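Keep the sequence open beside the coordinates.

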Amino acid sequence: MPYLGSEETVKELKRALSNPNVQADRLRYRTVVLRVIRCMTQGLDVSPLFMEMVKASATVDVVQKKLVYLYMCTYAALKPDLALLAINTLRKDCADPNPMVRGLALRNMCNLRMPGITEYTQQPVLSGLRDKASYVRRVAVLGCAKMQNLQPDAEIDGAVVNELYGLLRDPDPVVMVNCLRALEEMLKGEGGVVINKPIAHHLLNRYCPNTQHRSCRERHI
């Protein structure tokens with residue numbers, strides 16, 4: 001392999017990523033993608049490989065997708081001209097049949113830090129809140145708080161808040177806890193999340209199923 005940091009390194013990686021024989025071999029393809037990530041973390045500018053890396057995301061290999069997402073999100077923040085391509089790729093993967101891929105794509109999209117990103121993330125986040133897979137719902141709930149943090153002066157979306165309050169009754173306990181965290185973060189300017197008696201009783205029923213202990217707690221509500 002050419003000396004790390006040279007233009008020849010990037011050219012050699014580009015040839016490998018574009019090689020049909022490499023693309024046909026899942027392990028070899030992933031290995032080349034991993035080499036790109038190593039070069040990136042060691043300071044080499046591998047942004048010229050953006051198109052090839054986007055193509056590398058079209059795989060059922062979740063590990064390879066993770067690596068490509070890391071690459072895309074790194075350069076999307078540094079090179080705005082490449083950002084839209086990264087966003088479109090992540091939005092497409094938010095509709096992937098695999099819930100793990102949907103969740104990973106949504107999480108990475110919500111981690112992008114760039115002007116106007118909420119315009120692209122809002123719909124995938126709302127769809128994620130209604131996803132059948134609990135993992136995707138967990139990611140989407142935290143994504144709501146991240147979107148609000150990106151534009152703290154913007155008006156809070158009442159529809160999103162209502163969705164989050166509804167998810168306090170989600171069968172997945174992690175989704176429920178994430179909702180409490182997200183609502184507390186989003187509504188801190190208004191005093192935080194509001195827990196009324198029906199919600200409080202529901203939370204107690206979920207976390208304190210023992211009748212004697214629950215009745216003692218209910219006296220304090």
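Helices here are DSSP runs of H or I with at least four residues, numbered from the N terminus. By that rule Pro173 lies in helix H11. The model is predicted. Pro173 is partly exposed, because its relative accessibility is 36%, and that falls between the cut-offs of 20% and 50%. Thr31 is 142 residues from Pro173 in sequence. In space, the C-alpha atoms of Pro173 and Thr31 are 37 Å apart.

Now turn to H7. This helix covers residues 99-111. Its 13 residues should span 18 Å at 1.5 Å a residue, and the end C-alpha atoms are 18 Å apart, so the two values agree. Asn98 caps the N-terminal end of H7. A side-chain oxygen of Asn98 lies 2.9 Å from the backbone nitrogen of Met100.

Which residues of H7 are buried? They are Val101, Arg102, Gly103, Leu104, Ala105, Leu106, Asn108, Met109 and Cys110. What covers the buried residues of H7? The cover includes helix H5 (62-78) and helix H6 (80-93). It also includes helix H8 (118-129) and helix H9 (134-150).

Follow the chain out of H7. Arg113 sits in the loop between H7 and H8. Is Arg113 buried, partly exposed or exposed? Its relative accessibility is 46%, so Arg113 counts as partly exposed. Beyond residues up to four places away in sequence, Arg113 touches Ala77 and Leu150. Ala77 is 36 residues from Arg113 along the sequence. Their C-alpha atoms are 6.3 Å apart.

H8 comes next. It has 12 residues. From first C-alpha to last it reaches 16 Å, close to the 16 Å expected at 1.5 Å a residue. The buried residues in H8 are Thr118, Thr121, Pro124, Val125, Leu126, Gly128 and Leu129. They pack against H6, H7, H9 and helix H10 (158-166).

Thr121 gives a close view of this packing. It lies in H8. With a relative accessible area of 2%, under the 20% cut-off, Thr121 is therefore buried. What does Thr121 touch, leaving out residues up to four places away in sequence? Its partners are Met109 and Met147.

The next pair is H9 and H11. Two packed helices are described by the angle between their axes and the distance between the axes. The axes of H9 and H11 (residues 173-186) come within 9 Å. They cross at roughly 5 degrees. Angles under 35 degrees count as roughly parallel, so H9 and H11 are roughly parallel to each other.

Both helices supply residues to this contact. From H9 come Ser134, Arg137, Arg138, Val141, Leu142, Cys144, Ala145, Gln148 and Asn149. From H11 come Val174, Val175, Asn178, Cys179, Arg181, Ala182, Glu185 and Met186. By class, the contact residues divide into 9 nonpolar, 4 polar and 4 charged.

Neighbours within four places aside, Asn178 is in contact with Arg138, Val141 and Leu142.

Gly189 is placed in the loop between H11 and helix H12 (197-207). Is Gly189 buried or exposed? Its relative accessible area is 78%, over the 50% cut-off, so Gly189 is exposed. Gly189 and Pro152 are 37 residues apart in sequence. Their C-alpha atoms are 9.9 Å apart.

Glu190 is also found in the loop between H11 and H12. With a relative accessible area of 60%, Glu190 is exposed. Lys146 is 44 residues from Glu190 along the chain. Between the C-alpha atoms of Glu190 and Lys146 the separation is 18 Å.

Key: Residues are numbered from 1 along each chain as its sequence is written. This is a predicted model: local features need pLDDT of at least 70, side-chain atom pairs count only at pLDDT 80 or more; totals for chains, interfaces and linings use all residues. Side-chain values use heavy atoms; hydrogens and water are left out. Helices (H or I, at least four residues) and strands (E, at least two) are DSSP runs, numbered from the N terminus. The expected span of a helix is 1.5 Å times one less than its number of residues. Buried means under 20% relative accessible area, exposed over 50%, partly exposed in between (1.4 Å probe, protein chains only). Contact means heavy atoms within 4.5 Å. A polar contact is a pair of N or O atoms within 3.5 Å; within protein, one must be able to donate a hydrogen and the other to accept it, and residues adjacent in sequence count only if both atoms are side-chain atoms. Axes are lines fitted to C-alpha atoms, for helices over the stretch in contact, and angles run from 0 to 180 degrees between N-to-C directions. Angles under 35 degrees count as roughly parallel, over 145 as roughly antiparallel, 65 to 115 as roughly perpendicular and the rest as oblique. Ala, Val, Leu, Ile, Met, Phe, Trp, Tyr, Cys and Pro count as nonpolar, Asp, Glu, Lys and Arg as charged, and the others, Gly among them, as polar.
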